[in-house]
Amino acid sequence: MRTLKFLLQKEFRQIFRDPAIIRIIFIMPMMQLILLPWAADYEVKNIQLSVVDHDHSDYSRRLVSKITASGYFRLENYTGSFAEAMKAVEKDEADLVLEIPAGFEKNLVKEDEAGLFIAVNAINGVKANLGAGYLRSIMQDYNREVRMEWIQFPRFNPELQIDVTSSNWFNPLLNYKYFMVPGILVILVTMVGAFLASLNIVREKEIGTIEQINVTPVKKHHFILGKLIPFWILGLVVLSLGLLLARFFYGIIPVGSLLVIFGFAAVYLLAVLGLGLLISTYTGNQQQAMLLSFFLMMVFILLSGLYTSIDSMPGWAQAITKINPVTYFIEVMRMVVLKGSGFRDIMPHLLTVLGFGVVLNTWAVLHYKKRS
Amino acid sequence: MKQFRSFVRKEFYHILRDKRTMFILLGMPIVQIVLFGFALTNEVKNAKIAILDQSNDVSTLALRTELAPSRYFDIERDLHSYKNIEEAFQSGKIRLAVVFPKNFDADLRHFNKAQVQLIADASDPNVATTLVNYATAIIMDYQDRITHDRRLPYTINTELRMLYNPQMKGAYSFVPGVMAMVLMLVCTMMTAITVVREKEMGTMEVMLVSPVKPMKIVVAKAVPYLLLSMINIASILLLSVFVLDVPIRGNLFLLIGESVLFTLTCLAFGLLISSSTASQQTAMFISLTGMFLPTVMLSGFMFPIENMPLPLRIISNIVPAKWFYYIVKEVMIKGLGFAAVWKETLVLTGMMLFLLTMSVKRFKIRLA
């Protein structure tokens, strides 16, 4: 116990005497937390619309103003030639082209039927799909209005109509930041844990100070605990700072209890630190450790469901997300912060991450050798 | 010139003799392109949904069979009361709940009007809106089908055409982005450690006492990495076409030329990092961690730039990956020529020259 106390003292001194580490631990994560959530807004709005109007009638103008009034579309240009509109699409100045053929009004009134043509830039499939969907529902509305003007409807709906109403729970304003901030916070905690822990040990190897420890009677588990505990505490500190920032900067107050978040984080950090430890036992110098942990982090982050939904990934990628501890923490954070889930809901996650922690740490301890 | 050549040769030996690092540098892009090319997509598929059917009649059953085979939804379970909805959401599995009220079929037949309620888990707003839209479209299609025989007067028919990507594949917008991201990270990292390593190992002193000009030292360091990057470009393009199924519609040589230009920009950026830092650890930390999140988030492939607040839109202009992403999309997917991307090419060239000049300038000929 006394040995451990001295080791901890040494580690903390080492960390706090390195100004670069302080910057990496505190300032960089906070900057990223302040800046990046603003970028992560995936809502489809401001769809750039280009209208080709061959008709120039009262009806065509009314249609266009109805579309622009919806708020989803921004009228970029209003031309008379399709070629010109296509040029705008090529230059990325238009996402959607609406072509109103000549005689649109006449056909609609006299022939009871008129056509419209929509071309969508579908490189971004989701945006295209949603944009076309919005446009079609506006068109249906418009169609209904036109009909109302010409036909006196009976008291009951002549058209069969299924009314679809929708409500958004847990985040009624569809604020994307509520979704992103907890996720990015997880990434930052993970980076501090995995990166710094692995670098710290490898550095002792590289500059040779590990020899000094190896010749002392310090036990293997003392040494490893001495390395893990400081970063475990630092990880929790970063998490608390991040939650404070989320509260005062973004106004995000967890619906669930903080106890659940910290309880999970405490277990999660064990797993992440175990990973860092494992990396450090397999690498010989800081460069290799950096490369390896960065590569793993990149895979972990991009395959964690932070940005893109896990349900949409192919089966083998979903399998990777299952062995990725980051996935679990992000899910738990979102569940607790946004939906107020309690210990009972996150129990499966907690047990899985605990399993990771046990496996990774055992592996690392078995693989760590006290001789070079 | 001879001096320069021997310097380049020295750098080549450096790389070739460190097999492990070379393996990482050539292997990493391949793994990443395949991994992320397949796995990253902003499409929403196979979302788990729950159905609360309080009516259990012909119409709700029909709607249910409309929803079930869709590739967007997996009907995970049936709920029996309103209270269960919240529980289902809280345990995290369900993304959307479809609620049919009592007497759905009767309302539809007798009053010509019935209601469906969609409740989305909006903790992920993107998925929530997308799912609501998909479900609405499916229900509307169903409605259109059952009203088909009674044709109404004054009907507007819309014909829809999807340009460039008729099957709406997610890969078309993500693969160019992944290309930009991978090239950026690998190339920047490669050169970021070269100069600083010589500083750390003390070999810099040897070079500084030689008559070689800083300009030559810096450029000689970039040359071998440029060749390595060419291999990476080739493997990335081959994988995109043959494994990820993204076509190259434009001129292949133009695309390669632009990729080389982008690579040069990244290499120059790495050199700048390298000549302004003091330790390998800092250099790597800046080029990897510092670059990763901004590149992913501000290059426009993950999140649309036009939605960002003004300061971020301005900042995004100094991210080289943003310009390259645009160029790749135009040339590779839309099949446009140089005329469409000359402005972006000019911006990248300017960035490259600026970064190169800066790194030569910051290169100190005195040791601290």
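This briefing walks through some helix pairs, a cavity and a pocket in the structure above.

Keep in mind that this is a predicted model, where local features need pLDDT of at least 70 and side-chain atom pairs count only at pLDDT 80 or more, while totals for chains, interfaces and linings use all residues. Residues are numbered from 1 along each chain as its sequence is written, chains are lettered from A and ligands numbered from 1 in the order in which they are written, and side-chain values use heavy atoms, with hydrogens and water left out. Helices (H or I, at least four residues) and strands (E, at least two) are DSSP runs, numbered from the N terminus.

- Helix α11 (residues 286-302) of chain A packs against helix α7 (residues 171-192) of chain B at an angle of about 165 degrees, and their axes are 13 Å apart.
- That angle makes α11(A) roughly antiparallel to α7(B).
- On chain A, the contact is made by A:Leu291, A:Phe294, A:Met298 and A:Leu302, and on chain B by B:Met181, B:Leu185 and B:Met189; contact means heavy atoms within 4.5 Å.
- As for handedness, the crossing of α11(A) and α7(B) is right-handed.

How to read these terms:

- Axes are lines fitted to C-alpha atoms, for helices over the stretch in contact, and angles run from 0 to 180 degrees between N-to-C directions.
- Angles under 35 degrees count as roughly parallel, over 145 as roughly antiparallel, 65 to 115 as roughly perpendicular and the rest as oblique.
- A crossing is left-handed if the near helix is turned anticlockwise from the far one by less than a right angle, and right-handed if clockwise.

**Inside chain B: α2 and α7**

- The axes of α2(B) and α7(B) come within 10 Å and cross at roughly 160 degrees, so α2(B) and α7(B) are roughly antiparallel to each other.
- The α2(B) side of the contact includes B:Leu25, B:Met28 and B:Phe36, while the α7(B) side includes B:Val178, B:Met181 and B:Met189.

- Helix α10 (residues 258-282) and helix α14 (residues 343-367) of chain A have axes that come within 8 Å and cross at roughly 25 degrees.
- α10(A) and α14(A) are therefore roughly parallel to each other.
- Their contact divides into 20 nonpolar, 6 polar and no charged residues.
- The crossing of α10(A) and α14(A) is left-handed.

**The largest cavity**

- On a 1 Å grid over the protein atoms alone, a cavity is a set of points where a 1.4 Å probe fits but cannot get out, and a pocket is an open set with protein on both sides within 12 Å along at least five of seven lines; lining residues have an atom within 4 Å of a point.
- Searching the whole structure turns up 10 cavities of 30 Å³ or more.
- The largest cavity holds about 140 Å³ of space; grid points are joined across faces, edges and corners, and a volume is the space filled by probe spheres set on the points.
- Its 14 lining residues include A:Gln287 and B:Tyr225, which are among the closest to its centre.
- α2(B) provides the largest share of this lining, 3 residues.

**The second largest pocket**

- About 1,300 Å³ of space lies in this pocket.
- α12(B) gives the most to its lining, with 11 residues.

Methods
Nonpolar A, V, L, I, M, F, W, Y, C, P; charged D, E, K, R; others polar.
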